[in-house]
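I set down what I looked up, entry by entry.

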Amino acid sequence: MNGIHDLGGMHGMGPIVREENEPVFHEPWEGRVYAITRAIGAFGKWNLDASRHAIEMLPPADYLRMSYYEKWLARNIGLLIRHGIITREEIETGKAATEAAPALRRLSAAEAAAHANRRDRYSRPDAAAVARFVVGDRVRARNMNPEGHTRLPRYARGKQGVISRHHGIFVFPDTNAHFQGEQPQHLYSVRFAARELWGDEASPRDCVHLDLWDPYLDHA
Amino acid sequence: MYIGAVHAHGHAHDHEHQAVPSDPALRTKALESLLVEKGLVDPAALDTLVDAFENKIGPRNGARVVARAWVDPEYKKRLLVDGGSAIAELGYAGSQGEHLIAVENTPQVHNLVVCTLCSCYPWAVLGLPPVWYKSAPYRSRAVIDPRGVLREFGLELPEETEIRVWDSTAEIRYLVVPERPVGTENLSEDDLAALVSRDSMIGTAKVFAPKPKP
């Protein structure tokens with residue numbers, strides 16, 4: 001979707017504000033939101049791509065106004081309601097309704113330490129997908145504007161680049177985010193010259209690499 | 001720009017005398033209580049997850065990887081060929097770290113990592129990202145004006161240096177291996193690791209040799 005989350009190349013967002021000796025979490029609730037996100041992710045009711053898309057669906061003004069963990073909190077509540085795990089009334093009243101909770105995988109304290117380090121796998125080396133490109137090929141990112149989730153940023157659409165690396169076959173976010181299956185596709189690192197992306201004002205030496213799936217690309 | 005008393009999300013806090021918790025704090029509490037009451041979440045598991053990222057998984061892990069690469073050319077080769085396996089050799093792996101690519105800074109090439117679409121970051125070696133990395137100003141400008149961004153971080157690169165920006169649009173995570181500063185030939189691996197900052201592994205800083213003791 002052409003959403004506010006697709007920030008690459010925008011102007012007017014202000015200076016980069018850094019904080020010396022920044023804590024991992026500024027307030028205890030931020031740590032709780034982070035941990036709840038991991039714990040409810042273990043239910044297996046949604047996937048990483050769906051979860052990212054849920055943040056993209058926040059109203060644009062809220063997206064810019066809210067802090068990172070406020071966005072995560074809003075996303076978590078939204079996903080839990082949408083998947084029938086809690087109701088809006090329950091979150092508003094803070095009281096569980098009488099009906100039995102759905103049977104879901106509850107992450108135990110013993111499992112949690114390993115879970116923090118859990119290896120999430122997104123490569124699908126055995127999937128039957130055809131690679132249309134090899135390293136060195138000149139490609140053009142498609143001018144596509146799907147309403148749904150995609151990982152092809154607007155600033156690269158229609159632009160020409162070169163395949164610099166073949167990563168293998170990976171879960172395709174554009175379908176996975178919408179529970180239409182993983183439909184794994186070949187993934188490449190594509191090198192775009194800064195001048196191709198941004199015009200003659202950009203340095204002739206600089207470049208931007210994006211990781212792009214096969215269906216995002218055409219031969220140039 | 002640095003901030004002190006005011007947090008990056010734009011409001012001042014007084015931790016000592018905070019009478020009323022902010023709204024997200026209340027809402028988080030409500031959500032946690034509800035999930036616990038329903039038997040879906042174990043608060044002890046949440047404690048463990050918070051502890052892991054506050055105390056165990058952080059940029060010191062990445063610094064150890066970089067220091068090892070500096071002192072052990074064979075390790076560096078393995079790191080640049082297959083980052084995921086190389087960090088696993090040192091015991092680091094896991095969330096968002098599996099498909100890790102290490103990119104090396106040289107006198108000719110400077111690498112800079114961003115995620116313009118969300119906040120992808122190599123958790124296994126750097127922990128959770130700082131607020132600025134997740135912010136709109138960094139995400140919007142790192143790709144269109146990397147030299148301006150680096151200048152804001154106090155890093156002026158010569159025109160002849162190639163800047164390679166890595167926009168983390170997939171599940172590949174990027175770790176910058178900064179240049180080893182001259183004058184550190186006699187430092188131990190531990191001392192070298194202590195020099196490596198988080199920002200140098202994102203690409204917004206260089207690593208400098210320690211100042212000679214007077």
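**Fold of chain A.** I read chain A along its sequence and found the pattern β-α-α-α-α-α-α-β-β-α-β-α-β-β. Its secondary structure comes to eight helices and six strands; helices (H or I, at least four residues) and strands (E, at least two) are DSSP runs, numbered from the N terminus. The C-alpha trace of chain A spans about 60 × 45 × 35 Å along its principal axes.

**Basis of the values.** I note that this is a predicted model, in which local features need pLDDT of at least 70 and side-chain atom pairs count only at pLDDT 80 or more, while totals for chains, interfaces and linings use all residues. Residues are numbered from 1 along each chain as its sequence is written, chains are lettered from A and ligands numbered from 1 in the order in which they are written, and side-chain values use heavy atoms, with hydrogens and water left out.

**Interface.** I looked up the contacts (heavy atoms within 4.5 Å): 89 residues of chain B touch 92 residues of chain A. The size of an interface is often given as the accessible area lost when the parts come together. Between chain B and chain A the buried area (accessible area lost, 1.4 Å probe, summed over both parts) is about 8300 Å², and carbon and sulfur atoms give 61% of this.

**Salt bridges.** I searched for a side-chain nitrogen of Lys or Arg within 4 Å of a carboxyl oxygen of Asp or Glu. There are seven such salt bridges between chain B and chain A. One of them pairs B:Lys38 with A:Glu90, whose closest N and O atoms are 3.0 Å apart. On the side of chain B that touches chain A, helix α2 (residues 43-56) of chain B gives the largest share, eleven residues.

The search of the whole structure gave 27 salt bridges over all chains. A:Glu92 and B:Arg27 form a salt bridge at 3.6 Å, N to O. A:Glu92 lies in helix α5 (residues 88-93) of chain A and B:Arg27 in helix α1 (residues 23-37) of chain B, so this pair joins two chains.

A:Leu210 has B:Asp167 in β4(B) as its bridge partner.

Key:
Buried area = accessible area lost by both parts, 1.4 Å probe. Pairing = 2+ DSSP bridges.
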